[in-house]
Each structure stands twice: as C-alpha cells, then as structure tokens.
Amino acid sequence: MGFIGLGLMGHGIAKNIVDKGYSLTFLGRKNRKPAEDLLGRGATEASTSRDVAAASTIVFICVTGSREVEAIIRGPGGLKEGLKKGSVVVDCSTSDPVSTIALAAELKALGIDFVDAPLSRTPKEAWEGTLDAMVGAPDALFARVKPVIETWAGRIVHIGDTGDGHRMKLLNNFISLGYAAIYSEALALAEKVGISPPRFDSVIRNGRMDCGFYQTFMRWTLEGDRDAHKFTIANAFKDLTYLESMAGAAGIANPLGNATKNAFAGAHATGPAEQFVPMLATHIGKVNGVDLMPMKDGKKQTI
C-alpha cells in the first residue's frame, strides 16, 4: 500500500492501514510528527510520489482537493512516473468530479484504475478507524479496494461508478455546511434579540432539530473548543465552489448552495488560515454587530 497526505484525516487513515496488517509506504512531509509515528509502527517513508507508486499496487491520496491531486499524479516525480499497470489510485480527498473523471480516463489509458473514496466525519473517527466512506468504482474494483478501506472506515457505501463518490461528497457537504450557515445566522439573530447561545441550545439540543453535526458545531460557541470539528473554513469554501461548478454543469439552479458559499467566503477572506467551520458563527455575529466569541476558563477566546 502507498499513502500520500498525512494531514488531519490522512494520519489516522494511514495509521489504521498499518495497524491492521498492511505494509505501507508513505510520502513524508514537513510536519514530522505523523511520519515519525508511522515509522514507529513499521511503515516505510519515501521521498517522492513516484517512489510511493513504485513500492505500491494501491496508493491512497488524502489532500485538500483536485489541484493537489492532479499535481501528485501528473507533476514531476509524480505517481504516473512510478505506477505499474494494474495499480489502483484511491482519492480520499474532496475533489471536483470533472477532474476525477479526467484523471480516471488518463490513468485507464495506462492500465491503471482510479477510485474516488471521499470521507465523512472528523479526525477523531479517522484515528479510531470509524470514518464514513462513499466510494465511486465499478463493482470488481470496489471489491478489490474494500478490504483496505475497511481498516479505516466503519461505514462504507458503494455509491456508484467512478466520480459518483465525489459527487455524493459534495452533496453531503452542501447539507452539512448549509446547517453551519443556518446555525450561525440563527445564533447571531438570537443574540441580537436577547437570547444567549446557552438558552438557544437548551431548546434545540435533544429536540427534533438536534443532530451530531449540531453538537460538534456548538462546542466552539458554548465551550470555546477549537478541536470539536477540525474542518477548515478554507476547505469548506473550496468544497462549495466545487458544488457550484457541479450544479452549473448539471444545469440546475443552486441558490441555497450559493448563499452558503457566500457565508463562508466572507469568513475565509477576513479570518486567519487555520479556522474551523464552527467559527463561522463568530464571523456571522461580528458582521451583524453581536459578540459570539466564546469564553473558556473565564477568558474570551480568539480565532
């Protein structure tokens, strides 16, 4: 097995592949902590994507998006230079389906298969091996990669053919990020009319509008927990631009998707690089003249 992309999600995924009996060659990165952890578990480090490919028959990629995936596959020292006929590339990133289909066709001409297997849930579940995966691949190819995906996913849905995994992931993120935009605007309005976040939460929590996403989202506003939902606003904005492109290509109006994208666009443009989705509430509050910056240990938090 090969692995490229030891970020918040990728480190946990790679760890589970190794711990559950597969040999693994990974591409190191500047942040040495994940690499040292994997080396300690028996994995092997490579210096280029080409070297990862040369040592592997199945290579997993877990990076930001299509631009990065394309560079890893096509760039100098990339996977295409080392992949052997019969190999498989599995893209766990949230990518643009148009790019996915183009890459799959490009690799197919070389006798190499491409699977899209994007993720759902958080780094906590990645580490525990209980992520959700939505997989786009023909039946035989799905059967080939499923045992490896089972090392890090607790729920696997074979959603359809190549590209369908990334299409479904964008729909999934549209719903979750739409929730985030609604929660943020509702919290700002509540504060404006004199209903504090704890009072707001006392009604929503354990009611029909409650859900797992709501609970992790609210931990920033209520508790100042930065790590409750470590999915960046930058990645959320990127995914919503992919959704907009998919809707445009399909010829469908997507006004709620555009509104959600614009909510994240403002936060992305004005905030620091590492800010997470639950912090959208703080930004929406600020735009509307209300302070939703949370308290922790008696002190106001900062983004």
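This is a predicted model: local features need pLDDT of at least 70, side-chain atom pairs count only at pLDDT 80 or more; totals for chains, interfaces and linings use all residues.

Tutor: Residues are numbered from 1 along each chain as its sequence is written, and side-chain values use heavy atoms, without hydrogens and water.

The partner of W152 is F60: their ring centres are 6.4 Å apart and their planes stand at 85 degrees, so the pair is edge-to-face. Rings of Phe, Tyr and Trp (its six-membered ring) pair when their centres lie within 6.5 Å, and planes under 30 degrees apart are stacked, over 60 edge-to-face and the rest tilted. F60 is buried too, because its relative accessibility is 0%. The pair joins distant parts of the chain, 92 residues apart: F60 belongs to strand β4 (residues 58-61), while W152 sits in the loop between α7 (139-149) and β9 (153-160). Helices (H or I, at least four residues) and strands (E, at least two) are DSSP runs, numbered from the N terminus. In the whole structure, a search finds 8 aromatic pairs, and Y179, Y183, F213, Y214 and F217 form one aromatic cluster.

Strand β4 also holds I58, whose relative accessible area of 5% makes I58 buried. Beyond its neighbours within four places in sequence, I58 is in contact (heavy atoms within 4.5 Å) with M1, G2, V88, V90, R144, V145 and V148. From I58 to L24, 34 residues apart along the chain, the C-alpha atoms are separated by 9.8 Å.

P34 counts as buried because its relative accessibility is 5%. With residues up to four places away in sequence not counted, P34 touches L6 and H11. Between P34 and H229 there are 20 Å in space, C-alpha to C-alpha, and 195 residues in sequence.

H229 leads us on to T122, which touches M9, L131 and H229 when residues up to four places away in sequence are not counted. T122 lies in the loop between β7 (119-120) and α6 (123-128), and its 13% relative accessibility is why T122 counts as buried.

Our last stop is a pair of helices. Helix α12 (residues 255-270) packs against helix α13 (residues 280-287) at an angle of about 90 degrees, and their axes are 10 Å apart. So α12 and α13 are roughly perpendicular to each other. From α12, the residues in contact are A263, F264, A267 and T270, and from α13 they are L280, H283 and I284. Axes here are lines fitted to C-alpha atoms, over the stretch in contact for helices, with angles from 0 to 180 degrees between N-to-C directions; roughly parallel is under 35 degrees, antiparallel over 145, perpendicular 65 to 115, and the rest oblique.

Apart from neighbours within four places in sequence, H283 is in contact with I233, A267, T270, G271, Q275 and I303.

Note on methods:
Buried means under 20% relative accessible area, exposed over 50%, partly exposed in between (1.4 Å probe, protein chains only).
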